[in-house]
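Here is a friendly briefing to read alongside the model. Have the structure open and follow the topics one by one.

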Amino acid sequence: MSSSSVAYVVSQDLLKYSSRLPSNPGRSILIHSLANAFGLLSPEYPSTRRLQVISPRLATIEDLSVYHARDYLQAVLHVEETDPESLVEFGLEDDCPRFSGLPEYIRLVAGATITAANTLRSGYTDISINWDGGRHHAQKSRASGFCYVADCVLAILLLKKTHSATASAHVTVQRKPRVMYLDLDVHFSDGVAQAFYSPFSSSSSRQVLTLSIHHAAPGFFPSSPLAQLPFDPSIPFDPFTLSLPLLEGASSKSFAIIWPLIEHIKDIFNPDYVVVQCGVDGLAGDPKCKVFNWSLDMATEGSLGWCVSRIVNEWKGSRKLFLGGGGYHAPNAARAWSYLTSIIVCHSTFLGKPLDISINIPDDPSHTAFPLYAPSFTLNVPAGNMLDTNSPEYLIEVQKKFGRTSEMLQRILQVQQPQPDFQPVSCSH
Ligand SMILES: [Zn+2]
């Protein structure tokens, strides 16, 4: 297989059990049905990167134990036998209730992300996708925020393992693989950040850098001192565990301003793998979050589609794992992830362009979910009318703190790089 190929991990079992997730009932079926209705999963789809549909394997206890505590796994994988006190202890209540098929769900979602990561490690593909993954709130011994299994952490731990002699040759033998985790969900990736936060061990041998762009405010889930801008006085700073909180109404315009900061950190860290959590609950119109006013159309600088296009087409020299995440307007999540799939498989400047954002949702007998896409019945998720409260002053503060962070990282990693010319923040919006 050509190395410029994409693995799309899905199976009937994965979508069946993912569709039972209490926070997102039926969403997984919509996502994969829409991608299929657009023909994206067909070998004949005209794209510049070949898409290969791959079935996930079930994660074993050994796979899950690489991160999760044994007593937590015992509780969630044998949940019918778990006593009520332990359910509370392990977070299996409120927003993480037990549900029919929970053990299968955990083994399938983790197995799908592990399968996707392994296609990258082996060199089978350059890019892998698991839209059912991205469970970034799950902790070592606790379910949290609709997340029962820490598949992002498991993937990072797998990707940072030293390659065997038969594995891909793209990672130099002089250094261990570096993994950058970038989280685009509106919520802070507390589970992933906590797993790798290590403020007193900054050295050039650090293999994992996490960077979460999200909303943080009192009362907004999850509450964590790690969710603040760099150099927050409440917690020791780790330049490899980064947060970039944006204020209410964040639009593509604000994302366009902060994006060069993200790319500069990426250039300094120079990762071998990039894991991107593409939660879509920051898109305009999310019924549960209602915080950001982000748009999808890649023609708009700073949009979700534009950011993913940058990662896929401009971030050279690294293999990419795209995961799902939050997104509580199920048809919009299906729209977004189908569109992102088309961006990922189609280089924007060659034949086989991504889906046209104004294209109609397929209305054929095999796509029975069509009525759910009312009233627009098109692919686009446009921005709404919410005011972007990220003022020029705030964005300048973000630029300054990330500038200092970049300098720290350059010193630690001994990288000689000039500071880029960041887009000046002058316009109000
Ligand atoms: Zn979220």
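Predicted model: local features only at pLDDT ≥ 70, side-chain atom pairs only at ≥ 80, totals over all residues.

**A walk through the fold**

Val275 stands opposite Leu321 in β8.

- Eight strands make up an open sheet with parallel pairing, in the order β2-β1-β3-β8-β7-β4-β5-β6.
- Which strands stand at the edges of the sheet? They are β2 (50–54) and β6, and each has a single partner strand, so one side of each is left without a neighbour in the sheet.
- From one strand to the next, the twist averages 15°.

**Strand β7 and its partners**

- β7 (residues 273–277) pairs with β8 (residues 319–323) in the parallel sense over five bridges.
- Further along this pairing, Gln277 stands opposite Leu323 in β8.
- β7 is also joined to strand β4 (residues 179–183) by five bridges, and these two strands run parallel.
- Is β7 enclosed or open? Five of the five residues of β7 are buried, so this strand is largely enclosed by the rest of the structure.
- The cover extends to both faces of β7: Tyr273, Val275 and Gln277 are buried on one side, and Val274 and Val276 on the other.
- As background, side chains in a regular strand alternate between the two faces of the sheet.

**Strand β1 and its partners**

- β1 (residues 5–9) is mostly covered, with four of its five residues buried.
- The parallel pairing of β1 with β2 runs over five bridges, while the parallel pairing of β1 with β3 runs over three bridges.
- Val6 takes part in both pairings: it stands opposite Leu51 in β2, and its bridge partner in β3 is Ile127.

**The nonpolar core**

- The largest nonpolar core holds 130 residues, and the members that touch the most others are Ala155, Tyr181, Val275, Ala336 and Ile344.
- Which helix gives the most to this core? Helix α6 (residues 102–121) does, with 11 residues.
- Setting aside residues up to four places away in sequence, Ala336 touches Val280, Leu283, Leu296, Leu304, Gly327 and Val381.
- In soluble globular proteins, nonpolar side chains tend to be buried together.

**Helix α10**

- α10 (residues 304–314) is mostly covered, as eight of its 11 residues are buried.
- The buried residues in α10 are Leu304, Gly305, Trp306, Cys307, Val308, Ser309, Ile311 and Val312.
- These buried residues pack against β3 (127–130), α9, β7, β8 and α11 (330–345).
- Leu304 is buried in α10, and it is also one of the residues touched by Ala336.

**Helices α9 and α12**

- The axes of α9 (residues 252–269) and α12 (residues 392–413) come within 9 Å and cross at roughly 5°.
- That angle makes α9 roughly parallel to α12.
- On the α9 side, the contact involves Ser254, Ile257, Ile258, Leu261, His264, Ile265, Ile268 and Phe269.
- They meet Leu395, Val398, Gln399, Phe402, Ser406, Leu409, Gln410 and Leu413 in α12.
- By class, this contact has 11 nonpolar, five polar and no charged residues.
- An α-helix has 3.6 residues a turn, so residues three or four places apart point the same way.

**Two loop residues**

- Phe237 lies in the loop between β5 (208–215) and β6 (241–246).
- Is Phe237 buried or partly exposed? Phe237 is partly exposed, with 15 other C-beta atoms within 10 Å.
- Leaving aside neighbours within four places in sequence, Phe237 is in contact with Pro199, Pro230 and Phe231.
- Phe237 and Ser198 are 39 residues apart along the chain, and their C-alpha atoms are separated by 8.7 Å.
- Tyr373 sits in the loop between α11 and α12.
- Tyr373 is buried, with 21 other C-beta atoms within 10 Å.
- Not counting residues up to four places away in sequence, Tyr373 touches Pro331 and Ile361.
- Tyr373 and Leu409 are 36 residues apart in sequence, and 45 Å apart in space from C-alpha to C-alpha.

Terms used:
Residues numbered from 1 in each chain as written. Core = buried A, V, L, I, M, F, W, Y, C linked by C-beta atoms within 7 Å. Buried ≥ 20, exposed ≤ 12 C-beta atoms within 10 Å, placed from the backbone. Contact = placed C-beta atoms within 7 Å. Axes fitted to C-alpha atoms, helices over the stretch in contact; angles between N-to-C directions. Parallel < 35°, antiparallel > 145°, perpendicular 65-115°, else oblique. Nonpolar A, V, L, I, M, F, W, Y, C, P; charged D, E, K, R; others polar. Pairing = 2+ DSSP bridges.
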